[in-house]
Amino acid sequence: LLKKMKGKMKKQLVLGVLFVFPLLVYLFFASGKNNFAKLPTLTPNIQSLPINKDFSNRSVTLKDHISILGYWGGDLSDKKAEALNLNEKIFKRFNGFDDFQFVFFVNEENEEEVQALKNALQTGTGTDLSNWYFLPSSPKQIQSHFQSLKTPYQLNQQYSTPYVFIVDKNLNLRGRNDDEDMEELFGFDARSVAEISKKMIDDVKVILAEYRLALKIYNSDRKK
């Protein structure tokens, strides 16, 4: 009888381990996923756009969009290389995601230069520029909006910077607060293919995955 009891207890223990262990593993990875799948907010509630139309007279807004935001000002002579880097590494990879867009502040007198840059992108790479927006802006508008990001970077005399930024649907600047090279990473140097490939691609993946997960949860709740 004692032998039978021991055998029964052993069987129950094995069954218990087989049931509980996978559950513990699932909870461990689920909690890790929730912590990892959030790109930190570095600056909440940046300014909305001071301009709501681009050079092509299309409506533009940051609200309810995931935006790659840039400040090119009047310094367009060397922006072709940056645009190509961003196009090849970021835009082509993620363009299929709804509400994903590129938005650039450009001096209002530079419409011809903007068109030349767009032509170069379309001719050289066949890029669909329907989600690229170039905003005709005054230096004051560019400076004011850039300052709302509260980054350690500065605009040059042409109100331009090579850094681009990830802004979420609620106008929060997203980035890294544990970067291996610096404590906080606010933006990405578009001149550097290495930085775009090693860091920016990963961070865009994280924020898009975050919104995909939120959408799945929302749709699942609606079906209940």
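**Close-up views of a predicted model**

**Figure 1. A cluster of aromatic side chains.** Trp-72, Phe-91, Phe-94, Phe-100, Phe-102, Phe-104, Trp-132 and Phe-134 are joined by ring pairs into a cluster, seen here in a model that is predicted. Across the structure there are 17 aromatic pairs.

**Figure 2. Two aromatic pairs, Tyr-71 with Phe-146 and Phe-102 with Trp-132.** A pair of aromatic rings is described by how far apart the centres are and by the angle of the planes. For Tyr-71 and Phe-146 the ring centres are 5.2 Å apart and the planes stand at 80°, so this pair is edge-to-face. Because Tyr-71 belongs to strand S2 (residues 66-73) and Phe-146 to helix H4 (residues 139-147), the pair ties together parts that are 75 residues apart in sequence. Both Tyr-71 and Phe-146 are buried. The pair of Phe-102 and Trp-132, by contrast, is tilted, with 4.7 Å from centre to centre and 45° between the planes. Phe-102 sits in strand S3 (residues 100-107) and Trp-132 in strand S4 (residues 132-137), 30 residues apart, and their pair thus links distant parts of the chain. Phe-102 has a relative accessible area of 0% and is therefore buried, and Trp-132, with a relative accessible area of 0%, is buried as well.

**Figure 3. A salt-bridge network that includes Glu-210.** The network of salt bridges links Lys-38, Asp-168, Arg-174 and Glu-210, in a structure where a search finds nine salt bridges as a whole. Glu-210 pairs with Lys-38, their closest N and O atoms lying 3.9 Å apart. This pair links distant parts of the chain, since Glu-210 is in helix H5 (residues 193-223) while Lys-38 is in the loop between helix H1 (2-36) and strand S1 (41-43), 172 residues apart. Glu-210 also forms a salt bridge with Arg-174, at 3.0 Å from N to O; Arg-174 lies in strand S6 (residues 173-174), 36 residues from Glu-210. With a relative accessible area of 11%, Glu-210 is buried, and Arg-174, at 6% relative accessibility, counts as buried too, whereas Lys-38, at 52%, counts as exposed.

Figure 4. Side chains of opposite charge can pair when their charged atoms come close.

**Figure 5. Helix H3 and its buried face.** Helix H3 (residues 111-125) has 15 residues, which at 1.5 Å a residue should span 21 Å, and this agrees with the 21 Å between its end C-alpha atoms. Val-114, Leu-117, Lys-118 and Leu-121 are buried in H3. Viewed down the axis of H3, the buried residues fall within an arc of 100°, so they line one face of the helix. These buried residues pack against S2, H2, S3 and S4, while Glu-112, Thr-123 and Gly-124 are exposed on the other side of H3. Just after H3, Gly-126 adopts a positive phi of about 70°.

Conventions
Residues are numbered from 1 along each chain as its sequence is written. Side-chain values use heavy atoms; hydrogens and water are left out. A salt bridge is a side-chain nitrogen of Lys or Arg within 4 Å of a carboxyl oxygen of Asp or Glu. Helices (H or I, at least four residues) and strands (E, at least two) are DSSP runs, numbered from the N terminus. Buried means under 20% relative accessible area, exposed over 50%, partly exposed in between (1.4 Å probe, protein chains only). Rings of Phe, Tyr and Trp (its six-membered ring) pair if their centres lie within 6.5 Å; planes under 30 degrees apart count as stacked, over 60 as edge-to-face and the rest as tilted. The expected span of a helix is 1.5 Å times one less than its number of residues. The arc is that of the directions from the helix axis to the C-beta atoms. Contact means heavy atoms within 4.5 Å.
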